[in-house]
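Subject: Structure for your files, with notes

Hello,

Please find the structure below. My notes on it follow.

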Amino acid sequence: MYKTILGIETSCDETAAAVLSFDPAQDKQKGIRILSNIVASSAAIQSKYGGIIPEQAAREQLKSIIPVIQEAINESRLTINEIDAIAVTFGPGLIGSLLVGVETAKTLALVWNKPLIPVNHLVGHFYANFIDKVSKEGKVSEVSNESTQNPPLDTFGTFDTSPTFPIIGLLVSGGHTDLVLFTDHNKYQYLGGTRDDAAGECFDKCARLLGLPYPGGPEISKLAATGDASKIKLPKPMTNSKDLDFSFSGLKTAVANYIDKNKNYKHKDLAASIEQTIIESLMNKTLQAVKEYGINQVMIAGGVAANQALSEALRKSLHVRVFSPSHNIFCTDNASMIAAAGFFSEEITKPLDLQANPNLSL
Ligand code: KG4
Ligand code: ZN
């Protein structure tokens, strides 16, 4: 096991690098500290177009990758010699974006002579739950390509406990909605997933219908907090199906139809109903998985895990321990989760053999 890892993540519109250290004196589940966590997001630029333009996201990745890696190393206060390995997201994602991170990581691994650990982005998301604490000395930096802010790392404090196994994982992001049963690190069984749109995608598409900017999840959530979900009934697809699959594209269509046919409704009530419908669907199937497999822990991950109402609803209704990343910055795409997954991975690749895989699955 390596003591320090540089993580690199470029699967979509975030360019991220982080340095994490592992204290071998602690038990295996504990002792992972973030020394630096840098995220440059082109979401503000993408927002002007209502969604991601892959070509443009890739260009932004290319502009940001070297400065972001450099900042992550500087903030960690380690020298390059003190970094033991590099972990990189190699899929799934947008091919142009992925290539930037993968080719950079390959080059650095070769030039610096470091082991290279390939990480599946989807597995990486779950590892946001395994980061033990954030170093007091360093900084977590969240920079937009248009503006820069550097909140100090100790804003995020210490995480109490890490999940143990077996555990049900619910991944809810812009591109994925998956239920997984983890029996150990890197040992998991796929239980079900969305048949069409992902939960985050549904938030984003509904937000667009409501005239809200991209990314739509946080916007709907903000509006929903002041609305009344009971005023507008929306269909709940697949609630009675016996499998552990989800479907969200019908909800987007129902929202489009509702907007077409009704004039006197409040946007905040529709937002509240959309959010509640998505949460109920996620909750029902997670509950079903918990019962079916007799598991008493759940971890949520991915951008939609930043939704406070979702984590609260799961905690209230499941009667099992529910883990979620300690801060929103670890729910959305970041490189700390990739480095953390790297700590527990036993896979190393020869740099020249690694290929980005946009269609990688769980
Ligand atoms: O994991 P992520 O950063 O990127 C992917 O790998 O897809 O997830 C982005 C998604 C977007 O669809 C965004 O609308 C959603 O996460 N999201 C939220 C919230 N924050 C981000 N959805 C609901 N509520 C939120 N608070
Ligand atoms: Zn993601």
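How many bridges join β8 to strand β9, and do the two run parallel or antiparallel? There are 6 bridges between β8 and β9 (residues 177-184), and the strands run antiparallel. Helices (H or I, at least four residues) and strands (E, at least two) are DSSP runs, numbered from the N terminus, and two strands pair if DSSP finds at least two bridges between them.

Before the rest, the ground rules. This is a predicted model, in which local features need pLDDT of at least 70 and side-chain atom pairs count only at pLDDT 80 or more, while totals for chains, interfaces and linings use all residues. Residues are numbered from 1 along each chain as its sequence is written, chains are lettered from A and ligands numbered from 1 in the order in which they are written, and side-chain values use heavy atoms, with hydrogens and water left out.

Strands

β8 and β9 form a hairpin with 4 residues between them. Within that pair, Gly-169 stands opposite Val-180 of β9. β8 also pairs with strand β11 (residues 297-301), in the parallel sense and over 4 bridges; here the bridge partner of Gly-169 is Met-299. Strand β8 (residues 167-172) is mostly covered, with 6 of its 6 residues buried (under 20% relative accessible area; exposed is over 50% and partly exposed in between, with a 1.4 Å probe and protein chains only). Ile-167, Gly-169 and Leu-171 point one way from β8, and Ile-168, Leu-170 and Val-172 point the other way.

Strand β5 (residues 116-120) is also mostly covered: 5 of its 5 residues are buried. Leu-116, Pro-118 and Asn-120 point one way from β5, while Ile-117 and Val-119 point the other way. Strand β4 (residues 85-91) pairs with β5 in the parallel sense over 5 bridges, and Val-88 stands opposite Pro-118.

Ligand 1

The shell around ligand 1 draws residues from both domain 1 (4-158 + 328-353) and domain 2 (167-323), so the ligand lies between them; the domain bounds come from an automatic or database domain assignment. There are 20 residues around ligand 1, of which Gly-174, Asp-204, Gly-217, Gly-303 and Asn-307 come nearest (a residue is near if one of its heavy atoms lies within 4 Å). Helices α4 (121-126), α5 (199-209) and α6 (216-224) each supply at least two residues of this shell.

The shell divides into 6 nonpolar, 12 polar and 2 charged residues. Ala, Val, Leu, Ile, Met, Phe, Trp, Tyr, Cys and Pro count as nonpolar, Asp, Glu, Lys and Arg as charged, and the others, Gly among them, as polar.

Three atom pairs are listed here for the ligand:
- a polar side-chain atom of His-125 and an oxygen atom of ligand 1, 3.2 Å apart;
- a polar backbone atom of Gly-200 and an oxygen atom of ligand 1, 3.1 Å apart;
- an N or O atom in the side chain of Asn-307 and a nitrogen atom of ligand 1, 3.0 Å apart.

On its own, ligand 1 has 560 Å² of accessible area, and the protein covers 88% of that (Shrake-Rupley method, 1.4 Å probe; for residues, only the protein chains shown count as cover).

Two single residues

Ser-247 lies in the loop between α6 and α7 (249-261). Ser-247 is buried, because its relative accessible area is 12%. Its side chain makes a polar contact of 2.7 Å with that of Asp-196 (a pair of N or O atoms within 3.5 Å; within protein, one must be able to donate a hydrogen and the other to accept it, and residues adjacent in sequence count only if both atoms are side-chain atoms).

Asn-284 lies in helix α8 (residues 267-293) and is partly exposed, with a relative accessible area of 31%.

Regards
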